[in-house]
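Let's take a walk through a protein model, strand by strand. Have the picture open and follow along.

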Amino acid sequence: PKANPPQGNLWLKPFAGYSHSCGITSFGVTLCWGRNVEGQSDVPDGYVFKELSLGEGHTCGLTNQRRLICWGAEGVRRLEVPT
C-alpha cells in the first residue's frame, strides 16, 4: 500500500487512521491511501465530504447535507445525523 499521499494535490484537510490516511483536496475531492484490506480506502462515489473519521478497518465521512457515510469493514452505509 502507498504510504504517501497522491502528489499534485492541494490539501485542505488531512486525516490519519491506524493504517490508512485520507485527505480532502482544495477541489472538495476525498482521497484515501494506505491499507485497504477491508475497503477503508475505497471512497464511495457521489459524495462530497467536509469531515472524516478514520478507524482501523473503516472510514466515516460527514457530507455538507449532514449525512454520515461509512465504508470499509461493514460495507457502505448511509446514516442520517440527528439535528
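We'll look at the strands and then at the disulfides.

This is a predicted model, where local features need pLDDT of at least 70, side-chain atom pairs count only at pLDDT 80 or more, and totals for chains, interfaces and linings use all residues. Residues are numbered from 1 along each chain as its sequence is written, and side-chain values use heavy atoms, leaving out hydrogens and water.

Start with the open sheet: three strands in the order 1-2-3, paired antiparallel. (Strands are DSSP runs of E, at least two residues, numbered from the N terminus; two of them pair if DSSP finds at least two bridges between them.) Strand 1 (11-16) and strand 3 (30-34) sit at the edges with a single partner strand each, so one side of each has no neighbour in the sheet. Five bridges connect strand 2 (residues 20-25) with strand 3, and Gly23 has Leu31 as its bridge partner there.

Now hop to strand 5 (residues 58-63) and strand 6 (residues 67-72), which run antiparallel and share five bridges. Three residues lie between the strands of this hairpin, and Arg66 takes a positive phi near 65°.

What about disulfides, meaning pairs of cysteine sulfur atoms within 2.5 Å? There are two. In one, the sulfur atoms of Cys22 and Cys32 are 2.0 Å apart. Cys22 lies in strand 2 and Cys32 in strand 3, so the link ties together parts 10 residues apart in sequence. Cys60 and Cys70 form a disulfide too, with sulfur atoms 2.1 Å apart. Cys60 is buried (under 20% relative accessible area) at 15%, and Cys70 is buried at 8%.

Technical notes
Helix = DSSP H or I, 4+ residues; strand = E, 2+ residues; numbered from the N terminus. Disulfide = S-S within 2.5 Å. Buried < 20%, exposed > 50% of the residue type's maximum accessible area, 1.4 Å probe, protein only.
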